[in-house]
Amino acid sequence: MRIPIGITIFTNDIIAMRNILLLFIILLAASCTHTIPESKKTNETVDIFPDYSEVTIPTNIAPLNFRLNTPHTEAYALFAFENSSFQVKAHNGEFRIPASKWESLIKQAAGARVQITLYAKDKEWLAYPPFHIHVANEPIDAYIAYRLIEPGYELWNEMGIYQRELSTYSESTIMDNRMTDNNCMNCHSFPTQNPDKMLFHMRDKNAGTYLIDGDKIEKLNTKTDQTISALVYPSWHPSGRFVAFSTNTTNQNTHKNDPNRIEVYDSASDVVVYDTDKHEIVSSALLTSEGAFETFPTFSPDGKTLYFCSALARSIPREYADSKYSLCAISFDPDTRSFGAVVDTLYNAEIEGGRSVSFPRISPDGKYLLYTLSGYGTFSIWHKDADLYMLNLSTGEHYPLTQANSTDTESYHSWSSNSRWIVFSSRRVDGLYTRPYFAYIDENGQAAKPFLLPQKSTEFYQQFMKSYNIPEFITGKVKSQVRKIAVTAKENPGTDVKYVK
């Protein structure tokens, strides 16, 4: 049987095209595969940024891209675990790690460590001593939420609350003040890391506390005749019904000659609890004493204890440097909305070293309380001596998180839902901007070396001129309702809350 000529020609064309395509794929693969040159071993250490050597990470984190600052003209990085490996060639000193290869390798290495060896040429090719990235078995929560704001002194313009997916570099907006006349917004908070329920404050224009529960957005007017201010620093009760708040009279000054630059202090403060069902505020004489400044409340995971910071009332600002806050606790009954008759002191600032406690936060498993300790005062985010400390709630032992701390400020922090990770603000990169760091917490309450939030570009932190403020873990993505929140802010007069004795 004779095959028609036209069909024969068509078939030959297909074969030719297939061969050309195959050759193209082979050439492309060859062009993307680099052979690391023979290199002389050296004991010199390399300078990389961010410093990801010997850090501990989860399996669900975006690639830890880094820059090689050691002088070189060419460089390679070899990532290896057991029989699996891949290499990355540096471009302009930057190692951008392929996401698929990174994800595959670190999942294989869960509970172990990945070895990274750098090869770089300056005058000759050198093989530097390998470093490691430890991979924990426990995952991290899917997102963090934070406020982005210029680290200015008393001035700011644009700010917003954003969220970042930790397994990628994707960032999205929760709220942007350009939608609400460039007002101030702060103190975002979520009950048990739940992205579907949150609150935050707007100040000045469109002032109010905004509670978001799914599609419901509620604007609250929280200043009452019995409270010294509108509601300020929040902590959700695990039931989601109550929120503990401080109320504060706060001022800010700039130092002329002081490494701490800025001083924020309270001249009065109390602690109250807000009932979201009844729009009512309740408190206790033990939390609203004129002889003390009470602030930074936080509920225990079982909801039966309210922790807070308390300092003797002083003449402020004259005695601001003598203001030392202790760590205290009082019982709370959610059924009766009542408080205990006794305040327990877990850290007495007047006796134990004369330092000051701020930002207490309890691990969801109820085992540990993490706090910031600094020389004095209530607002430690500009204090260079501020460090993270841990309290073992079973033994009563207080100790510094040595691996997580640095020579600069460590301040605000929060726990992941599985109690194995913390995120905290640190100024260790340049002393000016707060950036989010993550640290693994082992079963004994000790921290591993922390790692900086990874970015796609290793130049990001040198070019981004805003601070990350109040990093909070959330287990999923917050639904975008920016326009709906803005309309509520501008058109809704808000619901007045009541103080109930």
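Two strands count as paired if DSSP finds at least two bridges between them. In this predicted model, strand S5 (residues 74-81) and strand S8 (residues 113-121) run antiparallel and are joined by seven bridges. Tyrosine 76 has tyrosine 119 in S8 as its bridge partner.

**Strand pairing**

S5 also pairs with strand S6 (residues 84-89), in the antiparallel sense and over six bridges. Here alanine 77 stands opposite valine 88 in S6. S5 and S6 make a hairpin that has two residues between the strands. In its turn, glutamate 82 has a positive phi of about 50 degrees.

Another part of the chain forms an open sheet of four strands, in the order S31-S32-S33-S34, with antiparallel pairing. Strand S31 (410-415) and strand S34 (451-452) are its edge strands, each pairing on one side only. Within this sheet, six bridges connect strand S32 (residues 421-426) and strand S33 (residues 435-440). One of the pairs across them is valine 423 with its bridge partner phenylalanine 438 in S33.

**Helix H4**

Helix H4 (residues 482-491) has the buried residues Val482, Ile485, Ala486, Thr488 and Ala489. Seen down the axis of H4, these residues fall within an arc of 160 degrees, so they line one face of the helix. They pack against strand S13 (171-176), strand S15 (197-203), strand S16 (208-213) and strand S17 (216-221). Arg483 and Glu491 are exposed and sit on the face turned away from the buried side.

**Salt bridges**

The structure holds 17 salt bridges, among them those in the table.

| Residue | Partner | N to O distance |
|---|---|---|
| Lysine 107 | Glutamate 103 | 3.0 Å |
| Arginine 337 | Aspartate 275 | 3.0 Å |
| Arginine 428 | Glutamate 410 | 3.1 Å |

Lysine 107 and glutamate 103 are four residues apart in helix H2 (residues 99-108), and therefore separated by about one helical turn. Glutamate 103 counts as partly exposed, at 40% relative accessibility.

Arginine 337 lies in the loop between strand S24 (326-333) and strand S25 (338-339), and aspartate 275 in strand S20 (residues 262-275), so the pair ties together parts that are 62 residues apart in sequence. Arginine 337 and aspartate 275 are both buried. These two residues also belong to a network of salt bridges that includes Arg241, Asp277 and Glu280.

Glutamate 410 lies in strand S31 and arginine 428 in the loop between S32 and S33, so this pair ties together parts that are 18 residues apart in sequence. Glutamate 410 is buried, with a relative accessible area of 0%, whereas arginine 428 is partly exposed at 24% relative accessibility.

Terms used:
Residues are numbered from 1 along each chain as its sequence is written. This is a predicted model: local features need pLDDT of at least 70, side-chain atom pairs count only at pLDDT 80 or more; totals for chains, interfaces and linings use all residues. Side-chain values use heavy atoms; hydrogens and water are left out. Buried means under 20% relative accessible area, exposed over 50%, partly exposed in between (1.4 Å probe, protein chains only). The arc is that of the directions from the helix axis to the C-beta atoms. Contact means heavy atoms within 4.5 Å. A salt bridge is a side-chain nitrogen of Lys or Arg within 4 Å of a carboxyl oxygen of Asp or Glu.
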